[in-house]
Structure formats: structure tokens, C-alpha cells
Amino acid sequence: MSSKIDRAFYDIGHLDTLADGDTPLHRLDPRAKLLTTVVFVVSVVSFGKYEIARLLPFFLYPAVVIGLAELPLGFLLKKLLLVSPFVIFIGIFNPWLDREVMVNLGPLAISGGWVSFASLLLRFTLTVGAALLLIATTGFGAICMALERLGTPQVFTVQLLLLYRYLFVLIGESIRMTRAHSLRSFNAKGRITYRVFLQMLGNLLLRTIDRAQRIHMAMLSRAFTGEIKIVRQFRFGYKEACFLGGFGALFLGLRLTDLTVLLGRLVLVAVGK
Amino acid sequence: MHMADALLSPAVGTTMWGAAAATTVYCSAKVRNSLDDRKVPLMGVLAAFVFAAQMINFTIPATGSSGHLGGGLILAILLGPYAAFLAIASVLTVQALFFADGGLLALGCNIINLGIFPCFIAYPLIYKKIVGRQPSSARLMTGSLIAAIAGLQMGAFGVVMETTLSGISSLPFSSFVMMMQPIHLAIGIVEGLVTAGVISFIWQARPEILEKAAADQPIGALPIGKVLVGLALVTAFTGGILSWYASEHPDGLEWSMFKVSGQEKLAATDGLHHTLTGVQGQTAFLPGYGFKSTHEGDSGRLGTSTAGLVGGFMVMLLGVTIGLVLKRRSKGDHSHSHPHDHGHSHPNHHH
């Protein structure tokens with residue numbers, strides 16, 4: 001179990017290291033990447049529930065981003081797999097409930113339910129993948145800054161930054177607590193009972209509240225006025241406009257016209273069918 | 001349970017986003033106007049606490065499964081509704097980005113499901129009424145348990161409503177409700193027991209923390225009604241407009257496409273006309289757009305779908321190739337330099 005904690009801890013740190021990369025994509029203004037991701041997700045989600053073919057071209061975007069930003073594909077796929085159970089759990093009912101045959105591939109009859117289930121998995125991969133790519137190319141601090149520039153209240157963004165800053169400290173603390181517990185409880189094999197759990201959590205909470213007070217005093221003595229100033233400067237220049245405009249137009253184009261059928265027809269004609 | 005992008009329609013997603021954003025703005029103004037900037041670090045750090053706490057699981061006897069803290073109710077008790085709502089929203093934002101929980105469009109739904117109900121209904125209307133100003137362990141237990149169960153039941157119902165309204169899952173409303181509510185009854189009981197236990201611990205160790213938290217929000221002074229009425233109006237307004245739009249035209253984008261193509265058809269050459277009928281044929285192939293009718297020839301429809309799939313796979317392959325090429329090229333560019341060796345600071349080292 002403690003390996004699970006270590007794993008989650010490692011994963012956040014790893015995404016953060018990826019965001020520290022220095023590629024053209026990492027250097028783009030975070031607002032451009034945030035808005036492009038939003039257009040992407042809305043375009044993908046707006047397709048009908050049985051759509052498969054027209055979702056496939058959208059993999060162009062993650063492929064380009066992974067390529068340009070030099071991201072490790074295996075790591076991202078593993079993260080996707082980890083969170084897939086809920087969507088699979090809900091989606092797997094589709095084949096049971098929707099048995100009407102939709103496509104006949106020779107002797108194989110495929111029901112509408114399986115088609116919509118496949119579509120659901122594609123949507124899941126694209127949308128969740130887009131969120132992971134955003135964080136892996138931008139980093140949390142920059143996303144907070146973009147949110148603030150786009151009109152999010154400052155109380156919220158300052159609070160988000162603080163949450164992120166202290167996430168690592170507190171997770172480290174809870175890892176040390178569970179490790180200490182498992183070292184002292186050979187018979188329980190690291191399992192934590194309800195009573196012990198409450199004491200651990202209560203202690204963690206007390207330490208957290210004390211820490212928050214110390215943080216606040218330290219911030220006040222360094223002239224904290226309610227806003228956090230970020231030294232890094234961003235500019236929404238022509239590169240950003242090209243990125244957002246180009247991908248935005250591509251997504252809308254893929255959504256409004258059906259390139260896939262045209263292209264597929266061309267190929268089928270070319271091979272003489 | 002987190003709502004997911006893949007189960008959402010754009011109309012439902014954007015409506016919930018609007019409602020979540022409006023509530024965030026309102027709560028931020030409330031926290032700022034209370035001139036209590038002491039709270040901002042406390043909010044951030046307590047939100048981080050929820051993460052850390054979720055990493056510790058306890059074994060539920062005789063079931064083999066394990067439980068942990070959800071966190072909504074405990075934040076409401078320690079911070080009061082407005083600050084707690086912001087803290088929960090930030091927890092969900094981090095989860096959506098780093099843990100891939102749900103996704104960006106579903107974030108609005110998740111903030112409403114897991115933020116509004118515990119902060120503005122379960123805490124003020126249930127927990128506070130039961131626990132009152134003089135907590136006892138029995139009151140803490142009953143209050144937390146009922147508030148946590150009620151909050152999670154409403155949240156689960158929210159997931160069901162959003163999923164059903166979106167129509168991506170084929171699950172009928174009734175069986176989805178029958179599935180979600182009992183699961184969340186169990187989750188709610190665990191959440192209530194943990195919240196009550198931790199709050200009792202704090203109350204015994206440092207009662208002044210709870211007294212201060214309770215004193216910060218005078219009972220009865222909360223304009224919960226205003227918040228709820230405002231929220232209901234926003235939701236009804238946007239939801240009403242969007243659903244009218246969605247039902248009148250099965251899909252807003254599809255509809256605008258046909259409107260555009262219809263106008264173009266008047267002046268269209270044969271080639272363009274052919275293309276557009278191809279587009280229409282493809283959309284008609286898709287279910288929900290009259291797929292299941294069989295008055296057309298099967299071979300034609302199958303032909304279109306094959307073409308679509310072939311084309312789709314080709315573009316996907318193209319994308320993968322582009323990605324690989326870009327990756328190889330950029331690796332070549334950087335082979336002599338070490339981009340990750342620069343002195344970038346890492347949050348890990350920033351304690």
C-alpha cells in the first residue's frame with residue numbers, strides 16, 4: 001500500500017519535471033495551450049455517441065504535442081490506464097443495453113452498444129490525454145497564471161498555488177507516517193485500523209493547521225499583500241496566435257466537415273474498389 | 001466518484017462549467033471581502049491536507065476493502081462554506097490535471113457535485129443544525145454522518161443526472177440511480193465516520209480550533225438562499241437555452257453545418273454538391289441521426305462507414321508518423337545539449 005502512495009507522489013513529481021522541459025511548445029504562452037486544449041476537448045465531446053471514424057483524426061494533436069515536447073508516451077499511457085476503470089465501468093453497460101445490430105462485418109454482427117462503447121473509450125483517451133499533455137507541457141504555476149490572466153479571481157489562484165506548493169510537503173509527511181506505522185506493525189502487515197487511522201489523520205491535521213499559521217506569519221513578514229507575483233514573463237505573440245488559430249481551425253474543420261470519408265473514398269477508389 | 005469528459009455532452013458540460021465558475025467568483029469575492037487573508041494560506045494548506053489524507057487508507061473490517069477521507073465536509077467544518085468551496089474546487093482542479101480524474105470539461109460538474117452540496121447544503125443545513133454551538137461526541141457523530149451521507153447522495157444524483165442528460169451512456173436513468181445511490185450510501189457512511197472521528201480528535205486535542213471556525217461564521221447570517229437562488233437561475237437559464245437549442249437541433253454544431261451547407265448548395269457546382277451529400281450520407285449513417293432505419297441499401301451505408309474508418313485510420317497514422325518524426329528530429333537537435341540539466345527549480349526541493 002505504501003508503494004501506492006510513493007507511486008502517486010512520484011507521478012506528480014514526474015509530470016512536474018516534464019513541465020520543466022525547454023522545447024518550443026514549453027515556451028509558448030500558457031494561455032494559448034490552455035485555450036487550445038479547451039477547443040480540443042469541446043470538439044471531441046460534441047460528436048454523437050456512435051461516432052468512431054471522425055474521432056480518429058483528433059489523435060493528430062496528441063501525436064504532434066508528444067513529438068514536439070519530447071514527452072514519454074509509455075508514462076502517459078500508464079497514467080491513462082490507471083484512471084480508466086470508472087469510464088469502463090459505466091460504458092460497459094452500453095453493449096448490454098443496446099443490442100441492435102448496427103454493422104455487419106461478414107459473419108460478425110456488431111451491435112450499437114459496442115460501437116458506442118468504443119466511441120466512449122476514444123473520447124476518454126482524447127480528453128483525459130489532452131489534460132495530461134497540458135500539464136506536462138505547461139506546469140502548474142503557469143496554468144494558474146493563465147487562469148488569472150483569463151479572469152479567474154485572485155483569491156482562487158493564490159490558493160491553488162499554495163495548495164500545489166504544500167502538496168509535496170504534506171504528502172511527504174503522510175508517507176513518513178504510514179511508513180513508520182508499517183515498520184512498527186509486523187502482524188498487521190501494514191494495514192491500518194479505523195482507530196489508528198483517525199489518530200494519524202488527526203495528528204496530520206493538527207500539524208497542517210500549525211504549519212498554515214507559520215506559513216502565514218512568514219508570508220506577512222515578507223510583505224504578503226494577497227497576491228503572488230510571478231517573475232516569469234509571458235507574452236501572447238504571433239507564435240501563440242498561430243498555435244491557437246491553427247489548431248483551433250483544424251479542430252473546428254474536423255468537427256464541421258468530414259475529411260475522413262473523403263480521404264477514405266479516395267483511397268478505396270485508388271485501390272480500385 | 002468523478003464525472004468524466006467522455007460521458008458528457010457539450011451542453012451539459014458548459015452549463016455546469018458556467019455554474020461552477022459563477023459560484024467560484026462569488027465565493028472568492030466573499031472571502032476577499034471578509035478581509036480575512038489569514039484564511040488564504042489556511043485554505044491552500046488544508047486543501048493539500050486532503051490530498052495527503054487521501055493517501056492514507058484504513059482497512060474496513062470484514063470486507064477486505066479500504067476507506068479514506070473524501071474531504072468535502074471536513075473542509076466545510078474547518079473553513080466555512082465559501083472558503084471550503086474554493087478549497088474543494090482547487091483540489092478537483094489538481095486532480096483533473098495531475099491524476100487525470102475526469103477531465104477539464106467535467107471539472108465543472110465535479111465542482112458542483114462535490115463542492116456545492118457539502119458546502120452549501122450538507123454543512124449549513126444539516127451539520128450545523130445538529131452539532132450547534134456546544135458539540136458533544138454524540139452530536140458530532142450524528143451530524144457528520146447524516147451530513148456526509150446526504151452530501152454524497154446529492155453528489156451521486158448529480159452524476160446520474162449529468163450522465164443521463166448527456167445521453168452518451170446507454171444506461172437508463174432508473175437503473176443508473178439504483179446503482180449509484182447504494183454505492184454512495186456506503187461511501188457516505190465511511191466519509192461520515194472518518195469526518196466525525198477526525199473532528200472529535202481535534203475537538204479533544206485543540207477545542208479552540210473548532211470554536212474559532214464556528215465563531216467565524218455566525219449562524220443564520222449566511223445568505224444560503226441567495227446563493228442557491230442565484231445558482232438555480234444561472235443553471236436554469238443556461239440549461240434552458242442550451243437544451244432548447246440541443247433538442248430543436250440534435251446537435252448545435254451539426255445544425256450550423258447543415259445551415260451553412262444548405263446555403264452553399266444553391267450556388268454549388270456538381271463536385272461540391274456531391275461532397276456535401278457525401279457528408280450528409282455519413283451523418284445519416286450515424287445512429288441518433290436516423291441510423292437504424294433500413295430503407296436505404298445496406299451496402300451503401302457500409303461503404304460509407306468503411307470509407308470513414310479507412311480515412312480516420314489514415315489520418316491517425318499520419319499523426320503518429322508526424323509525431324515520431326518530430327520527436328526524432330527534436331532529439332537530434334538536442335543531442336549535444338542537455339535541456340533537463342539546467343538549474344530549474346523543482347517543487348520537491350522547495351520545502
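This is a predicted model: local features need pLDDT of at least 70, side-chain atom pairs count only at pLDDT 80 or more; totals for chains, interfaces and linings use all residues.

Trainee: What makes A:E70 count as buried?

Mentor: Set its value against the cut-off. A residue is buried if 20 or more other C-beta atoms lie within 10 Å of its own. A:E70 has 21 C-beta neighbours inside 10 Å, so it counts as buried.

Trainee: And where is A:E70?

Mentor: You'll find A:E70 in the loop between α4 (60-69) and α5 (73-83) of chain A. Its phi is positive, about 55°, although A:E70 is not a glycine. Most residues other than glycine have a negative phi.

Trainee: How do you know that chain A is more spread out than a compact globule?

Mentor: First, what's in it: chain A has 13 helices and two strands. Its radius of gyration is 24 Å, while the globule rule gives 19 Å for 273 residues; 24 Å is well over that, so chain A is more spread out than a compact globule. Along the principal axes, its C-alpha atoms fill a box of roughly 75 × 55 × 30 Å.

Trainee: Which domains does the assignment give for chain A?

Mentor: Domain 1 covers 1-152 + 232-262, and domain 2 covers 153-230. Taken over C-alpha atoms, the centres of these domains of chain A are 31 Å apart.

Trainee: Why are β1(A) and β2(A) called a pair of strands?

Mentor: Pairing needs at least two bridges. Strand β1 (residues 101-105) of chain A is joined to strand β2 (residues 108-111) of chain A by four bridges, so the two qualify, and they run antiparallel. For example, A:N104 stands opposite A:A109 in β2(A). The two strands form a hairpin with two residues between them, and A:G106 in the turn has a positive phi of about 60°.

Trainee: How do you know that the length of α6(B) agrees with what a helix should span?

Mentor: Helix α6 (residues 137-166) of chain B has 30 residues, and at 1.5 Å a residue it should span 44 Å. Its end C-alpha atoms are 43 Å apart, which agrees. Just after α6(B), B:G167 takes a positive phi of about 75°.

Trainee: Which residues have the most contacts inside the largest nonpolar core?

Mentor: B:L46 and B:A87, in a core of 163 residues. Helix α5 (residues 106-131) of chain B gives this core its largest share, 15 residues. Leaving aside neighbours within four places in sequence, B:L46 is in contact with residues of both chains, including A:T208, A:A212 and B:A87.

Terms used
Residues are numbered from 1 along each chain as its sequence is written. Chains are lettered from A and ligands numbered from 1 in the order in which they are written. The expected span of a helix is 1.5 Å times one less than its number of residues. A residue is buried if 20 or more other C-beta atoms lie within 10 Å of its own, exposed if 12 or fewer, and partly exposed in between; C-beta atoms are placed from the backbone. A nonpolar core is a set of buried Ala, Val, Leu, Ile, Met, Phe, Trp, Tyr and Cys residues joined through C-beta atoms within 7 Å. Two residues are in contact if their C-beta atoms, placed from the backbone, lie within 7 Å. The radius of gyration is taken over C-alpha atoms; the globule rule is 2.2 Å times the number of residues to the power 0.38. Domain bounds come from an automatic or database domain assignment.
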